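Here is a short briefing on a structure. It covers confidence, a chain contact and a helix pair.

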Amino acid sequence: MSAVAVNDVRNLEFCIQAADSNNLQLISKETLLRGHGVMTIFYVVVAALFVLLLVFLQFRRMRASISVESSAADFELSRHTFNNYAFAVNEAAVTEDRTMETSQQDRGADLRQGAGIWPPRLSSRQSIHLRLVKLSWGRFRQASLENELRPCRVRAHTEPPDDSSAAAQRLQPDEQCCRMLDLLPLAVLVTNSRRKIVFANAAAEKLFGYSRQELAAMFADMLLPPLRLNAHVAGSTCFDLTPLGGNSHGDRDLVARRKDGTEFPAEVTMNPVSPEGEPCNLTSVIDRTERYELLQNRRQLVHLTRVSTLGELAGSLAHELNQPLTAILSNAQAAQRFLATQPLDLAEVREILHDLVEDNNRASEVIRKIRALVKKVEAEAVPLSIASVIRDVALLVHSDAIVRGIRVFATVAPELPPVHGDKVQLQQVLLNLLLNAFDASESCSALDHEVTIEATFDGVDTIRVGVRDSGVGLAADTVDKIFLPFFTSKRDGLGLGLSISRSIVEMHRGRIWAENNKDRGATFYFTLPTGASAESHCSRREP
Amino acid sequence: MSAETSTVFVVDDDETVRRALTRLIRSAGYCVESFGSALEFLGPHRCPHGCACLVLDVGLPGLNGLELQSEMNAANRPVPTIFITGRGDIAMTVRAMKAGATDFLTKPVSDLDLLRAIDNALQQSSRALSNRVELDLIHGRMARLTPREREVLMLLVEGRLNKQVAYELGIGEKTIKAHRARVMEKMEARSFAQLVRFIDKVRTPLSPGQSAKR
């Protein structure tokens, strides 16, 4: 028998065809009931079962018709729902039907993308309507089912059957809390475990230039690029909060990006909070542009004073360079003359060539040292020997000392451990103290001008460097003031040298002070910690 | 003056520069001695004999070049000096030239300039040397004169006539004539004009400053 049963129950949707392709008849229920009694009962039972099946299917569809969060820009579907239903979305405000069609293999990807692209703008007060279409047994048949599309308008939040969706809802900070966060002057972002922004306060809107709705559609990584980088490195979606060398909830300086693409230095503090056991992050972002500029200015000041110190030495440095050049010229001309004479004295020429190489090296060494001091580089802390710092500075002031008639002595205690610091900056301190000592000695009429540099132990893990002059000494009322900025006792001094020296030494966790000698003149001391105790501190700090 | 018999002294505190200068000067055939400081030079060579010149760095530690020069002048053994310096200023140059420097060169110094300066200095040294020899000779001859003869000589070279001298000294004109003949003989002067020239030399010994102009 060929028959086609049509179920005309409410919300008729699917035609089940008991098909004989050649002979298709439409039979009503009444006809069937008038037939054979047993068969009638059988048909009734079959029909009842069929109705039950349809009701069950309908029930399942209703259950699967999911929720869309009203305020969030994404929606969450369980894998089951996604696999079994096509879904179309009707957004009231836009009045545009968007139907997402996915193929079996890239569904997962599209689902995630969907979170990003739909809906483009959605205010928190809007309601969303979702129309779901049952797939025909696991396959998409969107086109053929177009007419059968049964709108099942679901108000947002009406039915949260899905776990992740429930989690997303719980992550929403309650309104009172939001209002409080809005009052804060600093930008606050609340992100979920996937780094997606679930809430941004008013300050964040202002700081980043995005509206709140835009922010709610974004991931925190888009605002704070380095975070994403780190997350990638860590190889997990869970972001590693630990800043380099800091504590787990500590601050870190990052570069954040505004809507217009400009970047700014930001101090980012992240604190994991767990409302009802759900992990989320409270991220506060502080614009550090001003502090950054201040740091930059300070760095430039240090560099400028160093360059101006070298400027004072320019004559002497030219002389240091002139000496090897003189030797090179005279040697070369002597060689020319020797080569013109007979018999040729090869040994002499060989010696000359050797000297030429040495003098050339000497000249380059002077240039290298000058360049190292002039170059504008970030301070970096490395282990270095204080003896080499003293040696380099002594070379730079060597001819200046001769011209001024000052003898310079340096004594370094044997087996001093290395200090941890920036070589150029420590040279700057020593250079500054030495030139001060020269000035002091010169102003004194005594005949024997001597300046002594002394490096010794000062306790177990500290090195003390002293620069002792034989000048007039310090007036009692100036001892406290000499390290203040713009205080100077020289006629043409800027008053920055010692103040900058102090900040450099303090950055190295050392101390700088001055004392009058018992006989005459004064001694300037500074200390530097040695070994591992110094390492942790100065590696990340700037003057 | 031949290069072989003359010595060039080089004083420079910078070892490589000193070696290079020494070599360059030696390549021109001069005999060279070098010293690292003014004191080192003054030690054995307080009075350098023979024909010599000094190549001196101004910026020496301790006693500097200019001080060494005045020390030499004070010791009345001036040596023609060529200064070389890395950073000469006008004041320094004037001071050095006034004190009798023959040249003032800046580093790096070209071989032609240096060797020409050395040549000049050595010629000057040899002139001074022959002058000194002559002066010594004249002084030796004058030492042979008796006091009276010396009195007569001094008055005669001032252009007085015999009888004026006789009148001034209160002795006879014949006696003056006899003195005059003995003075001529002792001073080994062939003419009275030559005698006047001898005395002139003794009276105005060469000052270091003048020697450069002659």
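Confidence in chain B is lowest in helix H10 (residues 208–211) of chain B, with a mean of 42. It is highest in helix H1 (residues 15–27) of chain B, at 92. These values are pLDDT, the predictor's confidence in each residue, from 0 to 100. This is a predicted model: local features need pLDDT of at least 70, side-chain atom pairs count only at pLDDT 80 or more, and totals for chains, interfaces and linings use all residues. Residues are numbered from 1 along each chain as its sequence is written, and chains are lettered from A and ligands numbered from 1 in the order in which they are written.

**Confidence**
- Chain B has a mean pLDDT of 84, and 91% of its residues reach 70 or more.
- Residues 207–214 of chain B have pLDDT below 50.
- The model scores ipTM 0.77 and pTM 0.55.

**Contact of chains A and B**
- Chain A gives 21 residues and chain B gives 18 residues to the contact (C-beta atoms, placed from the backbone, within 7 Å).
- On the chain A side, H12(A) gives the most, with 15 residues (helices are DSSP runs of H or I, at least four residues, numbered from the N terminus).
- That side has 9 nonpolar, 8 polar and 4 charged residues (nonpolar: Ala, Val, Leu, Ile, Met, Phe, Trp, Tyr, Cys and Pro; charged: Asp, Glu, Lys and Arg; polar: the others, Gly among them).

**Helix pair in chain A**
- Residues of H15(A), including A:Gln425 and A:Leu433, meet residues of H16(A), including A:Gly497 and A:Val505.
- The contact of H15(A) with H16(A) has 5 nonpolar, 6 polar and no charged residues.

Conventions: Contact = placed C-beta atoms within 7 Å. Helix = DSSP H or I, 4+ residues; strand = E, 2+ residues; numbered from the N terminus.
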